[in-house]
Amino acid sequence: MATLIEAVKRQALLTFAKNRSSVYFEENLSKLRLLASKLTSSDVELDKSLLLRDVPNSNPKSSWTPNSRLAPVTYIEIFENPDITIGIFILRNGARLPLHDHPLMYGILKVIHGKVRIHSYSPLSKNDLTDEQVSETRFVDKCGKDYSSHDGEISSMELFRQVSLFAVKEPEVVVDQSDDACLLSPRRGNLHEIHTVDGPAAFVDILSPPYDTDIPGVGPRPCRYFREVSHPDDNLVKKLIRIPSPSDYWSDTAPYTGPPCNSTDE
């Protein structure tokens with residue numbers, strides 16, 4: 001009998017296969033989210049000592065600081081192929097994943113230890129923007145020259161040249177291991193920032209397609225960082241601008257020690 005993490009992997013492969021049927025996609029996505037919602041730290045045999053690395057006296061209430069010797073975040077790869085990636089993020093107390101995007105990607109997040117606060121944003125399409133917002137949506141061309149948007153929908157190439165965008169700020173959610181898995185899509189909740197709450201946290205992360213996979217005519221799929229800037233038009237619509245990777249964020253890796261989950265002969 002397959003382990004739960006193996007069943008999650010198989011359903012993810014079925015859901016996000018390149019030759020998948022669009023007719024059954026939403027049904028398969030719902031099944032995947034349901035399976036992922038059942039995951040616990042035991043199902044991946046989480047090494048909980050990783051949650052307390054570099055914490056004084058191994059006290060889970062002690063917060064990570066930028067002066068700590070080790071990274072605020074540890075990533076454990078469970079499985080990856082050209083269609084999906086499954087891994088575990090471990091955030092030490094006081095750490096965060098800065099606001100970042102998932103270009104044309106789906107994602108499922110299941111907390112398996114602790115509690116996290118998630119701030120999500122749903123990018124607006126050009127048809128949803130005011131004329132002023134359209135003019136404030138900025139891009140950078142191949143030569144590094146800044147320019148504004150133009151008539152028509154934003155192409156895939158332009159999407160990856162954006163240096164500012166407008167998005168709806170979704171209600172903040174606090175999620176722990178008793179909650180169902182969270183879902184993001186190319187249009188809903190595609191940008192998010194994740195903070196620990198009252199101690200370290202860990203979550204299983206399923207993404208499709210993976211970062212760095214090729215987008216035809218564009219190149220490798222990037223992970224980009226943003227920050228919110230104030231905007232007077234609507235308190236739900238926020239302007240986001242691209243920034244370099246924040247200096248207080250970096251990650252290290254640890255090996256996966258849970259049930260085998262590396263076969264592809266489904």
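# Burial, pairing and backbone angles

Trainee: Which are the buried residues of α2?
Mentor: In α2 they are Phe-25, Asn-28, Leu-29, Leu-32, Ala-36 and Ser-37. This is a predicted model, in which local features need pLDDT of at least 70 and side-chain atom pairs count only at pLDDT 80 or more, while totals for chains, interfaces and linings use all residues. Numbering starts from 1 along each chain as its sequence is written, and side-chain values use heavy atoms, leaving out hydrogens and water.

Trainee: Why is Lys-31 called partly exposed?
Mentor: Buried means under 20% relative accessible area, exposed over 50%, and partly exposed in between (1.4 Å probe, protein chains only). The relative accessible area of Lys-31 is 41%, so Lys-31 is partly exposed. Lys-31 sits in helix α2, residues 25–37. From Lys-31 to Thr-15 the C-alpha to C-alpha distance is 8.8 Å, at a sequence separation of 16 residues.

Trainee: What makes a run of residues a helix or a strand?
Mentor: Both are DSSP runs numbered from the N terminus: a helix is H or I with at least four residues, a strand E with at least two. Helix α2 has 13 residues.

Trainee: How do you know that the reach of α2 is close to the expected one?
Mentor: The expected span is 1.5 Å times one less than the number of residues. For α2 that gives 18 Å, and the first C-alpha to the last spans 18 Å.

Trainee: What do the buried residues of α2 pack against?
Mentor: They pack against α1 (4–16), β4 (106–113), β10 (182–184) and β12 (201–208). Contact here means heavy atoms within 4.5 Å.

Trainee: Why is His-192 called buried?
Mentor: Its relative accessible area is 7%, so His-192 is buried. His-192 belongs to strand β11. Beyond its neighbours within four places in sequence, the contacts of His-192 include Pro-98, Leu-99, His-100, Leu-109 and Leu-184.

Trainee: In what sense do β3 and β11 pair?
Mentor: Two strands pair if DSSP finds at least two bridges between them. β3 and β11 (residues 191–196) have three bridges, in the antiparallel sense. His-192 in β11 is the bridge partner of His-100. In β3 (residues 96–100), four of the five residues are buried.

Trainee: Why does Asp-198 count as exposed?
Mentor: Its relative accessibility is 60%, so Asp-198 counts as exposed. Asp-198 has a positive phi too, near 55°, and lies in the loop between β11 and β12.

Trainee: Which peptide bond is cis?
Mentor: The bond from Ser-208 to Pro-209 is cis, with omega near -10°. Pro-209 is in the loop between β12 and β13 (214–215).
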